[in-house]
Amino acid sequence: MNRSNIVLIGFMGAGKSSVGKLLADKLGWTFIDTDLRIEKQQQQKILSMFQEHGEAYFRQLESQAIEEVLNGQEQIIATGGGAVLAEHNRQLMLAGGYVVALKAEPEVIVRRVRSDQSRPLLQGDLEEKVHNIMEQRKHAYDFAHTVIDTSELTTEEIANLIIDQIRTSS
Ligand code: S3P
């Protein structure tokens with residue numbers, strides 16, 4: 001298994017960015033958030049990218065970002081919740097790093113994402129959107145090397161758990 005990067009996957013609000021930043025601090029590795037990288041490159045927010053160009057356009061940029069980033073090493077890579085939908089992305093992630101899926105109960109996700117209006121797929125009825133998309137993606141994150149249910153854990157506990165796992169996994 002390739003442990004030169006840690007790739008965090010999971011539904012929106014699963015904690016990929018907050019855990020990723022802490023993990024990067026603890027390991028002295030570089031933190032990369034693929035969504036922020038795309039926004040910076042395109043000089044446009046993801047919400048307006050979706051509105052102006054559509055989801056497929058964003059997915060293309062996302063795949064490109066994943067491919068570029070995975071060429072590097074010693075990085076904690078927080079991916080967007082839908083990055084796992086493309087088989088090619090999944091293969092790149094598995095080949096380029098240790099893939100950790102962060103999970104959380106739907107109510108926990110709703111609570112965590114409620115104050116952030118920037119997610120294009122969660123515009124409108126939040127509870128309904130979260131439940132529907134979670135249902136559609138219920139097995140989408142199963143390909144990870146490891147899965148952590150973050151519902152009742154602090155960011156610190158999750159980061160420590162991941163560090164323990166990479167140190168003990170063969
Ligand atoms: C998406 C998740 C978002 C972002 C985009 C689409 C998704 O990232 O990539 O809005 O399809 O689940 P976060 O998981 O960081 O919210």
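Is Gln43 buried or exposed? Here are my notes, with that one settled in point 4.

1. **What you are looking at.** This is a predicted model, in which local features need pLDDT of at least 70 and side-chain atom pairs count only at pLDDT 80 or more, while totals for chains, interfaces and linings use all residues. Residues are numbered from 1 along each chain as its sequence is written, and side-chain values use heavy atoms, with hydrogens and water left out.

2. Now look at the ligand's oxygen atoms: a polar side-chain atom of Arg119 is 2.6 Å from one oxygen atom of the ligand, and for Arg137 the side-chain distance to a ligand oxygen is 2.7 Å. Gly82 uses a polar backbone atom instead, 3.2 Å from an oxygen atom of the ligand. On its own the ligand exposes 390 Å², and the protein buries 94% of that (areas come from the Shrake-Rupley method with a 1.4 Å probe; for residues, only the protein chains shown count as cover).

3. Arg59 sits in helix H4, residues 55-69, and Arg167 in helix H8, residues 155-168 (helices are DSSP runs of H or I with at least four residues, strands are runs of E with at least two, and both are numbered from the N terminus). Arg59 is buried, at 16% relative accessible area, whereas Arg167 is exposed, at 64% (buried means under 20%, exposed over 50%, partly exposed in between, with a 1.4 Å probe and protein chains only). The side chain of Arg59 also joins that of Glu62 through a polar contact of 2.9 Å (a pair of N or O atoms within 3.5 Å; within protein, one must be able to donate a hydrogen and the other to accept it, and residues adjacent in sequence count only if both atoms are side-chain atoms).

4. **Two loop residues worth a click.** Most residues other than glycine have a negative phi. Gln43 is not a glycine, yet has a positive phi of about 55 degrees. You'll find Gln43 in the loop between helix H2 (34-42) and helix H3 (46-53), and Gln43 is exposed, because its relative accessibility is 68%. Glu74 also has a positive phi, about 50 degrees, and lies in the loop between H4 and strand S3 (75-78). Glu74 is partly exposed, at 45%.
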